[in-house]
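This briefing goes through selected features of one protein model, grouped by topic. Please keep the sequence and the 3D view open while reading.

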Amino acid sequence: MVGKGWSLVVLAAAMAVGAAIRYLVIEPPELGWACQVAGAPWWCPAREGMILALHWHALGILAFVAGLLAFLDRGPRWTWAALALGGAGLWLYGVELSSAAVLLAGLKVARAERAAATGRR
């Protein structure tokens with residue numbers, strides 16, 4: 001079962017990770033400048049790939065698909081994925097699709113808690 005308490009913990013942790021990635025890896029101009037010189041550091045291709053994926057809303061799309069699967073599936077695994085991907089996506093430039101994913105996962109949590117309270121599965 002997916003509980004409200006743990007769902008909030010997962011969402012908060014994912015949002016913290018997303019904020020850290022945004023403000024420590026993506027936005028500092030010094031990192032961008034370091035990647036523009038000849039002999040750039042080894043981590044520059046990974047950073048640039050992440051920025052390109054975020055530009056094409058890959059995280060938001062994955063979060064939304066996980067949210068749809070969470071809403072349709074009985075198990076908790078897609079709910080956790082939707083909360084984690086959606087929470088990070090809220091900070092990583094994918095607000096529209098990520099917020100829809102978090103909403104779908106939240107509906108799944110509410111539905112699971114209501115079913116548990118009434119004794120239904």
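Which residue does the disulfide join to Cys35? The partner is Cys44, with an S to S distance of 2.0 Å. The model is a predicted one, and the values below are computed from it.

**Disulfide**
- The count of disulfides in the model is one.
- The torsion about the S-S bond of Cys35 and Cys44 is about -85°, and the disulfide is therefore left-handed.
- Cys35 has a relative accessibility of 11%, so this residue counts as buried.
- Cys44 is also buried, because its relative accessible area is 3% and the cut-off for buried is under 20%.

**Nonpolar core**
- The largest nonpolar core consists of five residues: Ile26, Leu54, Leu59, Ala88 and Leu92.
- Ile26, one of these core residues, is in contact with Ile21, Arg47, Ile51, Leu54, Leu92 and Tyr93 when neighbours within four places in sequence are left aside.
- Among those contacts of Ile26 are Leu54 and Leu92, which are members of the core as well.

**Nonpolar surface patch**
- On the surface, a nonpolar patch is formed by Ile61, Val65, Leu69, Trp78 and Leu97, and their accessible area together is about 380 Å².
- Helix H4, residues 58-72, supplies three residues, the largest share of the patch.
- Trp78, another patch member, lies in helix H5, which spans residues 77-91.

- His57 is not a glycine, yet its phi is positive at about 60°.
- His57 sits in the loop between helix H3 (44-55) and H4.
- With a relative accessibility of 37%, His57 counts as partly exposed.
- Tyr93 is likewise a residue other than glycine with a positive phi, in this case near 65°.
- The loop between H5 and helix H6 (95-118) holds Tyr93.
- Tyr93 has 31% relative accessibility and therefore counts as partly exposed.
- Tyr93 is also one of the contacts of Ile26, and Ile26 belongs to the largest nonpolar core.

Terms used. Residues numbered from 1 in each chain as written. Predicted model: local features only at pLDDT ≥ 70, side-chain atom pairs only at ≥ 80, totals over all residues. Heavy atoms only, no water. Disulfide = S-S within 2.5 Å. Buried < 20%, exposed > 50% of the residue type's maximum accessible area, 1.4 Å probe, protein only. Patch = residues over 30% accessible without salt bridge, like charges linked within 9 Å, V, L, I, M, F, W, Y side chains within 5 Å. Areas by Shrake-Rupley, 256 points an atom, 1.4 Å probe, with all protein chains shown as cover. Salt bridge = Lys/Arg side-chain N within 4 Å of Asp/Glu carboxyl O. Helix = DSSP H or I, 4+ residues; strand = E, 2+ residues; numbered from the N terminus. Core = buried A, V, L, I, M, F, W, Y, C linked by side-chain atoms within 4.5 Å. Contact = heavy atoms within 4.5 Å.
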